[in-house]
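My notebook is open and the viewer is running. Here is what I looked up, entry by entry.

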Amino acid sequence: MAGLPTRLLHGTSEAMSPMITGVHKWSSHEAKPVDAEHGVRWRHTSDDGGCNDPGAKDAAKQPEFGSPPRESRSGQTEAKTQPIEKLQVWQAWKHVRKGGKAVGVDEISIAEIDANPSKYLYPLWNRMASGSYHPPAVREHIIPKGNGKERKLGIPTVLDRVAQQVIRAELEPLVEPGFHPSSYGYRPKRSAQQALAACVSNCKGLVYVTDLDISGFFDTIDHEKMMETLSDRTDKRHVLLYCRRWLQAQVWKRDGTLADRDEGTPQGGVISPLLANIFLDEVFDRWMAATYPGIPFERYADDIVVHAVSEREAVELQDRIRQRLGEYGLRVNEEKTRVVYCWRAGRPSRSREEIPHEFDFLGFTFKPRLLTRRRDKRPFWGFWPGISRKNERRIADVLRKLKMTKWQGMTLREVSKALAPRTRGWISYYGQYSQGELSRTMNLLNTRLVKWVRRKFGHPLFSRARGWLCSQEIRQPTLFHHWSKGFGMWQYLLRRAV
């Protein structure tokens, strides 16, 4: 044992030497273990064992967290001071197992835990139930935004996501019934499609919109105000205990250093969206319902649209909301927050440049568009959503990174199967309004397919490769999902010829 590397104990500041686990493996491939009381039974050799990193080849590669390691404890079961059952941990694990596969700082993957659940889940429950669980640092991950800025995500370890899901599953039923009906983000049986439908309906009757964007919302939540708000919603001590610890968890930065966090909640955590909803429900939703009960709005996480009947009312709302957010340590993004005039046929045109005629919400751009009536096919001007240029560029970037021209070992049908999940998702979401706006994006996809054909079959001319692809489309119009929805290359050429 002396020659083996020391490993960090998950959720604590202790170090332990590797140990042999029990014979029983609690695997998803076996029959579900049960006991009389909880429906779950773990076999283990030590209460503290098994939360180590089995893939740690070199202890020097792992970041050091917390205080120096203490002497190994006797392994006796700790006193259970928190009402957390084994079944809760097992159900949380089943939920997390279906989600993202990203690993945290301990590099323990979902596959490793699934191979031997008792080795990892029992110590996690033991520490959560005894109140001694401390979350490890979250791994910082940077995502570039379309405006040249960056979005910082915090990736917890897989076991920490299980712990967060345990608390979320207990907290969410307590707070969910009290949320405002105009809140749609990260809620059960609520979706972005519902928020868009409500926004479309309200834009038909109300002329002005206050488009709000909170600057760095997830990174600027005040911890003390968050805990005050949370304590008003629940008095469960273990929920408050662990939520505070998750808020204060350290961040492991890309350069390998650790940073303390005194504000914000990391995007990427399981509990973060629920805490954000609780905070904004107190800061914005309930305040709007009490102060402006007759004014409709839609809120999806920190993306907010408020409707008004006049420009004066919209400006007043903007100022009052800015003041309200400032009371809780939040501030609006002045570049993105503005008053918009929802011009459409039958309303007087407002040509003043200081009043914009469009705004973005949930990946769509709401602006005046020439529409067609269903009953008589007559055109008219309406204020209607369509895919935003920002998301068109994002999809184009995805297609470029796929490097389809290098898929030379695949047949055309295999290429269609590889693209189907993406195209189905894009058309299903962005095609629900102004589906024709997707033509530019789908034509770009068809162009890349032509380039794939040209390279695979050695066609010297682009037009010849395009003709071959059109012949395939005529023979098999449903081969690609976007072809079946009217976005084929042959259909595009026919529309241009008319």
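How many nonpolar, polar and charged residues are in the lining of the second largest cavity? I count seven nonpolar, four polar and one charged. My classes: Ala, Val, Leu, Ile, Met, Phe, Trp, Tyr, Cys and Pro are nonpolar, Asp, Glu, Lys and Arg are charged, and the others, Gly among them, are polar.

**Ground rules.** I'm working with a predicted model, where local features need pLDDT of at least 70, side-chain atom pairs count only at pLDDT 80 or more, and totals for chains, interfaces and linings use all residues. Residues are numbered from 1 along each chain as its sequence is written, and side-chain values use heavy atoms, with hydrogens and water left out.

**Cavities.** I looked up what a cavity is: on a 1 Å grid over the protein atoms alone, a set of points where a 1.4 Å probe fits but cannot get out. Lining residues have an atom within 4 Å of a point. Grid points are joined across faces, edges and corners, and a volume is the space filled by probe spheres set on the points. I found two cavities of 30 Å³ or more by this rule. My helices (H or I, at least four residues) and strands (E, at least two) are DSSP runs, numbered from the N terminus.

**The mixed sheet.** Next I followed an open sheet of four strands, in the order β4-β3-β6-β7, with mixed pairing. Two strands pair if DSSP finds at least two bridges between them. The edge strands are β4 and β7 (258-259), and each pairs on one side only. β3 (residues 138-144) and β4 (residues 150-155) are antiparallel over six bridges, while β3 and β6 (residues 251-252) run in the parallel sense over two bridges. I zoomed in on R139: it stands opposite I155 in β4, and its bridge partner in β6 is W252. E140 stands opposite G154 in β4.

**The antiparallel sheet.** Four strands form another open sheet, ordered β8-β9-β5-β10, with antiparallel pairing. β8 (297-300) and β10 (338-341) stand at the edges with a single partner strand each, so one side of each has no neighbour in the sheet. From one strand to the next, the twist averages 20°. β8 and β9 (residues 303-308) pair over four bridges, and I saw F297 opposite V306 in β9. Helix α8 (residues 272-291) packs on this sheet and touches β5 (208-213), β8 and β9. The direction of α8 makes about 175° with that of β8.

**Helix pairs.** What do I note for two packed helices? They are described by the angle between their axes and the distance between the axes. Axes are lines fitted to C-alpha atoms, for helices over the stretch in contact, and angles run from 0 to 180 degrees between N-to-C directions. Contact means heavy atoms within 4.5 Å.

For α10 (residues 389-402) and α11 (residues 412-430), I wrote down about 175° and axes 13 Å apart. That makes α10 roughly antiparallel to α11 (the label for angles over 145 degrees). Their contact has seven nonpolar, one polar and two charged residues.

For α12 (residues 439-457) and α13 (residues 462-475), the angle is about 105° and the axes are 9 Å apart. These two are therefore roughly perpendicular to each other (65 to 115 degrees). Among the residues meeting here are L449, V450 and F457 in α12 and F462 and W468 in α13. Their contact has eight nonpolar, two polar and three charged residues.

Note on methods. Angles under 35 degrees count as roughly parallel, over 145 as roughly antiparallel, 65 to 115 as roughly perpendicular and the rest as oblique. On a 1 Å grid over the protein atoms alone, a cavity is a set of points where a 1.4 Å probe fits but cannot get out, and a pocket is an open set with protein on both sides within 12 Å along at least five of seven lines; lining residues have an atom within 4 Å of a point.
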